[in-house]
Amino acid sequence: MMRHKEKIKIFTTTVTAGQYKGKKIEIPDIFTTRSSKGILKESLFNTLQFDIIDKNFVELFAGSGSIGLEALSRGAGHCYFMEYNKTAFRCLEGNVKRLDPSKCHLFYGDSFEKFEMVYGLVKKSKEKTYFYFDPPFSTRDGMDDIYDKTIALIEGIEPEVAELVIIEHMTNLDMPQVIGAFELVKRKKFGRSTMTYYKPKED
């Protein structure tokens with residue numbers, strides 16, 4: 001198999017709850033796919049609970065898809081994944097095959113470039129959507145504006161399309177109180193990572 005030639009170590013984790021509990025998820029050991037810590041994932045789904053049932057779940061910068069696949073296991077209707085790293089994308093494809101390919105839509109390429117197309121699909125579905133942004137931490141050259149670009153994407157989301165927008169980001173980053181039609185409702189810190197939740201503003 002290709003991955004042994006590439007000498008990339010593969011870690012495994014498992015789906016923690018729902019229909020596919022215990023199913024294996026492979027995560028390549030490359031720095032663009034920091035596996036979202038178990039405690040962070042647990043906190044996220046404790047917040048979302050049953051609200052995600054039958055809703056769309058969009059995971060940008062998906063890596064191996066561990067967040068979106070957990071959402072799928074817990075009842076999300078359709079999951080959309082965007083990932084530009086070839087090794088991570090190959091793992092994502094394998095992970096999806098082990099769960100339910102019929103409910104997963106995979107997009108290979110830059111999340112910023114693919115977002116408009118995916119947004120069009122979820123908008124057309126008329127089902128509320130959860131957007132999960134986990135941009136790579138800006139440790140590489142050219143990545144400094146990644147949060148500005150992420151915020152610009154969120155500003156383009158219409159409130160009637162989104163149930164919730166969640167951003168996983170560096171803890172030392174101050175996220176704005178308001179982004180477009182959304183306001184900050186919750187912030188949860190996990191060491192170097194923080195999850196910030198935005199809901200459509202109340203009229």
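User: Is Phe131 buried or exposed?
Analyst: Bear in mind that this is a predicted model. The cut-off for buried is under 20% relative accessible area. Phe131 has a relative accessible area of 0%, so Phe131 is buried.

User: How many aromatic pairs turn up in the whole structure, and what is the geometry of Phe115 with Phe131?
Analyst: Searching the whole structure gives seven aromatic pairs. In the pair of Phe115 and Phe131, the ring centres are 5.9 Å apart and the planes sit at 55°. Planes between the stacked limit of 30 degrees and the edge-to-face limit of 60 count as tilted, so this pair is tilted.

User: How many residues apart are Phe115 and Phe131?
Analyst: Phe115 belongs to helix α5, residues 111-125. Phe131 is in strand β6, residues 129-133. The pair links distant parts of the chain, and the separation is 16 residues.

User: What is the strand order of the open sheet?
Analyst: The sheet has eight strands with mixed pairing. Its edge strands are β5 (104-108) and β8 (178-179), each pairing on one side only. The order reads β5-β4-β3-β6-β7-β10-β9-β8.

User: Which residue in β10 is the bridge partner of His169?
Analyst: Start with β7, residues 162-170, where eight of the nine residues are buried. Five bridges join β7 to β6 in parallel, while six bridges join β7 to β10 (residues 193-200) in antiparallel fashion. On the β10 side, His169 has as its bridge partner Thr194.

User: And which residue in β10 is the bridge partner of Lys188?
Analyst: Strand β9 covers residues 182-190 and runs antiparallel to β10, with eight bridges between them. In β10, the partner of Lys188 is Met195.

User: At about what angle does α2 run to β10?
Analyst: Helix α2 spans residues 38-48, and its buried residues include Leu40, Leu44 and Leu48. An α-helix has 3.6 residues a turn, so residues three or four places apart point the same way. Helix α2 lies across β3 (56-60), β6, β7, β9 and β10. Its angle to β10 is about 20°.

User: Is Glu70 buried or exposed?
Analyst: Glu70 forms a salt bridge with Arg74, with the closest N and O atoms 2.9 Å apart. Arg74 counts as partly exposed, at 23% relative accessibility. Glu70 comes out at 0%, so Glu70 counts as buried.

User: How many residues apart in sequence are Glu158 and Lys123?
Analyst: Their side chains meet in a salt bridge, 2.9 Å from N to O. Glu158 lies in the loop between α6 (146-155) and β7, and Lys123 is in helix α5. Glu158 is partly exposed at 25%, and Lys123 is partly exposed at 39%.

Note on methods: Residues are numbered from 1 along each chain as its sequence is written. This is a predicted model: local features need pLDDT of at least 70, side-chain atom pairs count only at pLDDT 80 or more; totals for chains, interfaces and linings use all residues. Side-chain values use heavy atoms; hydrogens and water are left out. Rings of Phe, Tyr and Trp (its six-membered ring) pair if their centres lie within 6.5 Å; planes under 30 degrees apart count as stacked, over 60 as edge-to-face and the rest as tilted. Helices (H or I, at least four residues) and strands (E, at least two) are DSSP runs, numbered from the N terminus. Buried means under 20% relative accessible area, exposed over 50%, partly exposed in between (1.4 Å probe, protein chains only). Two strands pair if DSSP finds at least two bridges between them. Contact means heavy atoms within 4.5 Å. Axes are lines fitted to C-alpha atoms, for helices over the stretch in contact, and angles run from 0 to 180 degrees between N-to-C directions. A salt bridge is a side-chain nitrogen of Lys or Arg within 4 Å of a carboxyl oxygen of Asp or Glu.
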